[in-house]
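Please look through the sequence and the model shown below before reading on.

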Amino acid sequence: MGRAVTVATCALNQWALDFEGNLERIFRSIDIAKSKGARYRLGPELEICGYGCSDHFYESDTLLHSFQVLEKLLESPATQDIICDVGMPVLHRNVRYNCRVIFLNKKILLIRPKISLANAGNYRELRWFTPWSKARHVEEYFLPRIIQEVTGQETVPFGDAVLATKDTCVGTEICEELWAPNSPHIEMGLDGVEIFTNSSGSHHVLRKAHTRVDLVNSATAKNGGIYILANQKGCDGDRLYYDGCAMISMNGETVAQGSQFSLDDVEVLVATLDLEDVRSYRAEISSSNLAASKVNPYPRVKVNFALSCPDDLAVPTCMPIQWRHHSPEEEISLGPACWLWDYLRRSKQAGFLLPLSGGIDSSATACIVYSMCHQVCLAVKNGNADVLADARRIVNDETYIPEDPREFCKRVLTTCYMASENSSQDTCNRAKLLAEQIGSYHINLNIDAAVKVVVGIFSVVTGRTPQFSVYGGSSRESLALQNVQARMRMVLAYLFAQLTLWARRMPGGLLVLGSANVDESLRGYLTKYDCSSADINPIGGISKADLKTFIQYCIENFQLTALRSIMSAPPTAELEPLVDGQVAQTDEADMGMTYAELSIYGKLRKIGKAGPYSMFCKLINIWKEITPREVASKVKHFFRMYSVNRHKMTTLTPSYHAENYSPDDNRFDLRPFLYNTSWSWQFRCIDKQVN
C-alpha cells in the first residue's frame with residue numbers, strides 16, 4: 001500500500017569552514033541512512049560550511065566552496081535513490097539566505113530559504129542573512145555553472161514551498177522557525193503536509209533540552225504528523241557546544257532519540273513510521289479539519305519518488321519511547337568535557353595545563369577534564385576509530401590505546417599548584433590529593449621569588465615599598481600586592497604550558513585552562529590578567545551553586561574522595577597574609593555578597609532585563625526577610641561593583657556557554673564597559689521608594 005515511510009535524521013560534529021571534513025561527515029551520514037533503508041536524509045543547519053562561520057558568511061569564498069561541496073554531493077553515487085536535505089548559504093538576486101538545498105538523483109528539487117532568523121543571545125543571523133518574507137511564494141533560482149553541469153538544470157524553485165512525493169507531503173522548517181509563535185508547521189499541517197523537517201544549529205544551555213523536546217512533540221500533538229529534527233553537535237570553533245539531541249516524533253510522542261553528548265562525529269537516527277497513523281490521528285480533530293478548509297495552499301514541488309515501498313505490510317514500525325533527560329550535574333560533566341575534547345584535538349595541542357588551587361572552581365575544571373578522559377576511553381572501547389586516532393596523535397604514540405581514564409589523564413593534563421607565602425598547607429594538600437586521584441601530572445612550585453623581584457623593581461624606582469593592610473598598608477597597596485601575585489601565576493602558567501613538555505623531552509605544547517565561574521565574572525571578583533586569563537575556560541558559564549552540586553556528583557560517580565575537603569572549605573583567593581597559619585581571607589567577605597545572591601542578581605540583570613530600580617522592586621518581594629533599606633543597600637553595592645569591574649569582561653577568557661545570564665562581552669551580553677558608577681538617577685529612584 002505504500003504507507004510505511006523510512007526517514008533519517010542526524011547530528012553531525014561539523015566545523016566552521018572545514019569543507020573537506022564537513023563533506024566527509026555528510027557522506028558518512030548518507031551512507032548510514034541508506035544502509036538502514038532510509039529514503040529521506042535530513043542534516044543540520046548550514047552543515048556544508050558549518051554554522052559558526054560568523055563574518056566569513058560575507059565572503060564569496062564561503063559561498064563558492066559551499067557550492068563546490070554541493071557539486072561533490074550531487075555527482076556522487078552515494079546520494080542516489082535517497083532525498084538529501086543539506087544546509088548552506090545561498091546568494092539569490094544579490095541577497096544572502098540561510099537555505100536548505102533538497103535534491104534527488106542529481107536533480108535539485110527545491111532551495112528553501114529560512115523565514116525566521118535567530119537573532120537573540122548568542123545568535124546574530126540578521127547580521128549575515130535576510131529572512132525570506134514572501135510566504136508561499138516561489139521564484140526561479142539560476143544555478144551556478146558548476147551545478148548546472150551536474151544536474152542539467154538551469155533554474156530551480158527557490159522559496160516557501162513543500163515537496164509532494166508519490167505517497168506523502170514534506171514541509172521544511174529551519175531551527176528558529178520551530179520556536180517562533182507562528183511556526184510554519186501549523187499551516188503546513190493544515191494544508192496536508194504530513195512530514196515536517198527541522199534543521200537546527202541549537203546550542204547547549206543547562207536545563208534547556210526538555211524545552212526543545214517539548215516543542216517538537218507539541219508541534220505534532222495538536223494536529224498530528226511526523227516531525228524530524230537534525231542538529232549540529234560539538235564545538236565548531238567558538239564558545240558554544242551544540243548538543244545534538246536529534247529526534248523523530250509522531251503525533252506528539254518521541255519515537256527516536258539521539259544522544260545529547262557524545263564523541264561520535266556522526267550520529268544517524270532512522271525510523272519507519274506509518275502514514276496511516278497520522279491520517280487517522282487527524283481524522284477526528286474537527287477544529288483542524290475546519291481550519292484546513294480555509295488555509296492558503298502552499299506551492300507543491302512534485303517529486304516522482306516515494307518514501308515508502310509498495311509492499312510494506314510486513315515492515316515493522318517504530319513505537320513511542322520515553323525521553324531520558326540528563327540531570328544538570330550530568331550535563332556539566334558531559335557537555336564541557338566534549339567541548340574540551342573538540343578544542344584539544346582540533347587545536348592540535350598535546351594537552352592542558354591547569355593552575356590547581358585546591359578550591360572548588362579549579363577542582364571542578366580538573367574533574368571536567370577527568371570526565372573527558374572517561375568519555376575518550378569509553379568511545380575507544382565502543383570502537384570509535386576517530387577518537388582513537390585523535391588520542392594517539394595527541395599523546396604522540398601510534399600504538400597507544402586509552403583504556404584507563406587516570407592513565408590517559410596523566411598524559412593530557414598537567415596540574416600546577418602555585419604556592420606563595422599566603423598559601424595554606426591545607427589547599428596545597430587538597431590540590432595534591434585530587435591530582436593523585438584523577439592521575440594528572442602534578443607540579444608544586446612557589447612564586448614568592450618572582451613576586452619579590454617585581455615588587456623590588458617598583459621599590460627601586462619609587463623609593464617606596466607597599467605593604468599589606470594587616471601590616472599597616474593602605475587598601476590600594478594591599479590590592480596591588482594581591483594582584484601582583486595573581487598576575488605572576490598567569491605568567492608562570494603560560495611559561496609552563498609552553499615548556500613543560502619540552503623539559504620532559506616530549507613534543508607539543510599545552511592549552512592553559514581558566515577556572516573563573518560565571519558569578520565571579522559577573523561581580524568582577526578576579527584580577528585582570530590573572531589565572532582567569534587562559535586559552536579556554538570550561539566553567540566560565542556555570543554558577544557556583546551548580547559547580548558545588550557537580551563536585552558532589554563527582555564524589556559519588558568518580559569516587560574522588562579528595563573533593564570532600566574541598567567542598568567543606570570556604571572559598572578563598574589566598575592572596576592576603578595568613579593569620580596564625582590559617583586563611584583569613586574569604587571570597588564572600590571580600591565580595592560583600594554571597595554566591596547565592598550573585599546568581600539572583602545575574603538572572604535578574606540579564607534574563608529579567610532589570611536595571612537597578614527594577615531589580616530593587618523585584619527583590620523586595622523575593623527577600624521579604626530583610627527590610628527594603630537593606631535590599632536597596634545590596635542592590636546598590638552589586639551595581640557599583642558590577643559597573644566598576646565591567647571592563648574585565650572585555651578580556652574574559654573564551655568560556656563554555658552554559659547559562660543564560662553569562663556576562664560574556666564577546667557577543668552574548670553587550671554592554672558598555674565605562675559606566676557612571678554612581679548610578680545617581682537610578683539610586684535616587686530606589687531611595688524614594690525606600691523612604
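## Residue classes and the second largest pocket

In sorting residues by class, Ala, Val, Leu, Ile, Met, Phe, Trp, Tyr, Cys and Pro count as nonpolar, while Asp, Glu, Lys and Arg count as charged, and the others, Gly among them, count as polar. The model is a predicted one, and under this sorting the lining of its second largest pocket divides into eight nonpolar, eight polar and five charged residues.

The second largest pocket holds about 520 Å³ of space. Of the 21 residues that line this pocket, those closest to its centre are Ala120, Gly121, Asn122, Tyr123 and Asn660. Two helices, helix 5 (176-179) and helix 21 (595-607), each supply at least two residues of the lining.

## Domains

The protein is divided into three parts, namely domain 1 (4-302), domain 2 (328-582) and domain 3 (592-690). Why can the second largest pocket be placed between domain 1 and domain 3? The pocket lies between them because domain 1 and domain 3 both give residues to its lining.

The centres of domain 1 and domain 2, taken over C-alpha atoms, are separated by 41 Å.

The largest cavity contains about 110 Å³ of space, and of the 16 residues that line it, the closest to its centre are Tyr51, Gly52, Arg124, Trp128 and Arg667. By class, the lining of the largest cavity is made up of nine nonpolar, three polar and four charged residues.

The second largest cavity contains about 70 Å³ of space. Among the residues that line this second cavity are Arg239, Gly540, Gly541, Leu652 and Thr653, and the lining also includes Tyr656, His657 and Asp664. Which classes make up the lining of the second largest cavity? That lining divides into three nonpolar, six polar and two charged residues.

## An open sheet and its edges

Four strands form an open sheet in which the order is 19-18-17-20 and the pairing is parallel. The edge strands of this sheet are strand 19 (441-446) and strand 20 (511-512), each of which pairs on one side only.

Strand 17 (residues 352-355) runs parallel to strand 20, and two bridges join these strands. In one of these pairings, phenylalanine 352 has leucine 511, in strand 20, as its bridge partner.

## Helices beside the sheet

Helix 14 (residues 425-438) packs on the sheet, where it touches strand 18 (413-419) and strand 19, and the direction of helix 14 makes about 170° with that of strand 18.

Helix 14 also packs with helix 13 (residues 405-412), at an angle of about 120° and with the axes of the two helices 8 Å apart. Which residues make this contact between helix 13 and helix 14? Helix 13 contributes Pro405, Arg406 and Cys409, and helix 14 contributes Glu436, Gln437 and Ile438. Sorted by class, the contact of helix 13 with helix 14 has three nonpolar, one polar and two charged residues.

Note on methods:
Residues numbered from 1 in each chain as written. Predicted model: local features only at pLDDT ≥ 70, side-chain atom pairs only at ≥ 80, totals over all residues. Heavy atoms only, no water. 1 Å grid on protein atoms, 1.4 Å probe; cavity = no way out; pocket = protein on both sides within 12 Å on 5 of 7 lines; lining within 4 Å. Points joined across faces, edges and corners; volume = space filled by probe spheres on them. Domains from an automatic or database assignment. Pairing = 2+ DSSP bridges. Contact = heavy atoms within 4.5 Å. Axes fitted to C-alpha atoms, helices over the stretch in contact; angles between N-to-C directions.
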